[in-house]
Amino acid sequence: MKSFGLTTLSVACLLSVAHAQTASAGLADAVQKAITNNPEVTARLNALQAAANETDVASGGFRPVIGLSASVGRDSDRITSRSPASQSLTRNGIALTANQMLWDGLATRTEVDRLGHARLTRYFEFLAATEDTALETAKAYLDVQRYRKLVALAEDNYVQHKYAADQLQSKFKAGVGRGVDAEQSNARLALAESNLTTEVANLHDVSARYLRLVGEAPAPRLASVAGLEKGLLPGNTDTVNQSLSRHASISAAVENLRAVQSQAKGKESPFQPKVEARFRTGVGKNFDGVQDQKRDTAAELLLNWNLYNGGSDQARVKQ
């Protein structure tokens, strides 16, 4: 009877966790808490936000670059064909520049496409982490309910076998029962106690898993879950196809493949020329080191075409 008292105490401790929670806890609330507290989900969300910002960085290549510069200094030179040969001047000035990339071999566009697919990859990874957390929480929730019922059944089974064993033992001592019946009853009682201990241990394990996922111990009463079969297709093939088409991890892998394809396409941009529009205007004293120059304004189109760089571009495409 001593072992039964210890086992019952363990069951009571497990079933009385979180006494402060008087209302039944629902599966939806447990899943919401698990998603909110899960560090993996938070990390995936931050990665998604970072990917969105990275896309904005690449999109900046479509817009002009405007800069303002100011300088002051003193120049000194020596030209032998000039009289006097040595000359110095003090200069200062402020200049405004604007550069606009007109054509870069689609390098910016392919980079934006690549980062767009990378952002979708981060999104589906975030979705997969959320769904995995929800699934594990639902499994833990249902396991707690299931093992609580199993513990209750095992406890009742132990009580029944304990009562029968005590009755047979009393009859045997009184000389009206057989010893073999008492021995068999004790063996069954030991098996019932072993089963009860196993179920209590299982309940402890799933309760600890629930605590790790949700961040709090399961409530004394958990609301029953119904309607889990809704949305299931009748055929196995249809169910598999639906799973493949909606699986977040598979969608993330597809978007990652598209990102790599865009990256490979962007490696071909160095084979094309780059065209850039530039504008610069500035004022000052001896501006740009030219004696007596007070103002200078220039606008130009610049074409730069790398005809050969040792085969590095071809190697990057192959890579």
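1. Helices here are DSSP runs of H or I with at least four residues, strands are DSSP runs of E with at least two, and both are numbered from the N terminus. The structure is a predicted model, in which local features need pLDDT of at least 70 and side-chain atom pairs count only at pLDDT 80 or more, while totals for chains, interfaces and linings use all residues. Residues are numbered from 1 along each chain as its sequence is written, and side-chain values use heavy atoms, with hydrogens and water left out.

2. S185 belongs to helix α5. With a relative accessible area of 6%, S185 is buried (buried means under 20% relative accessible area, exposed over 50%, and partly exposed in between, with a 1.4 Å probe and protein chains only). Apart from neighbours within four places in sequence, S185 is in contact with H161, A164, A165 and L168 (contact means heavy atoms within 4.5 Å).

3. Helix α5 (residues 179–214) also packs against helix α2 (residues 27–37), at an angle of about 60° and with the axes 7 Å apart. Axes are lines fitted to C-alpha atoms, for helices over the stretch in contact, and angles run from 0 to 180 degrees between N-to-C directions. The two helices, α2 and α5, are therefore oblique to each other; angles under 35 degrees count as roughly parallel, over 145 as roughly antiparallel, 65 to 115 as roughly perpendicular and the rest as oblique. On the α2 side the contact is made by A30, K33, A34 and N37, and on the α5 side by Y210, L213 and V214. These residues divide into 5 nonpolar, 1 polar and 1 charged (Ala, Val, Leu, Ile, Met, Phe, Trp, Tyr, Cys and Pro count as nonpolar, Asp, Glu, Lys and Arg as charged, and the others, Gly among them, as polar).

4. A52 is found in helix α3 (residues 39–59). A52 is partly exposed, at 23% relative accessible area. Between A52 and R212 there are 160 residues in sequence and 31 Å in space, C-alpha to C-alpha.

5. Strand β1 is joined to strand β2 (residues 86–103) by 14 bridges, and the two run antiparallel (two strands pair if DSSP finds at least two bridges between them). Within this pairing, A70 stands opposite I94 in β2.

6. D313 lies in helix α8 (residues 312–318) and counts as buried at 7% relative accessibility. Not counting residues up to four places away in sequence, D313 touches P270, F271 and N306.
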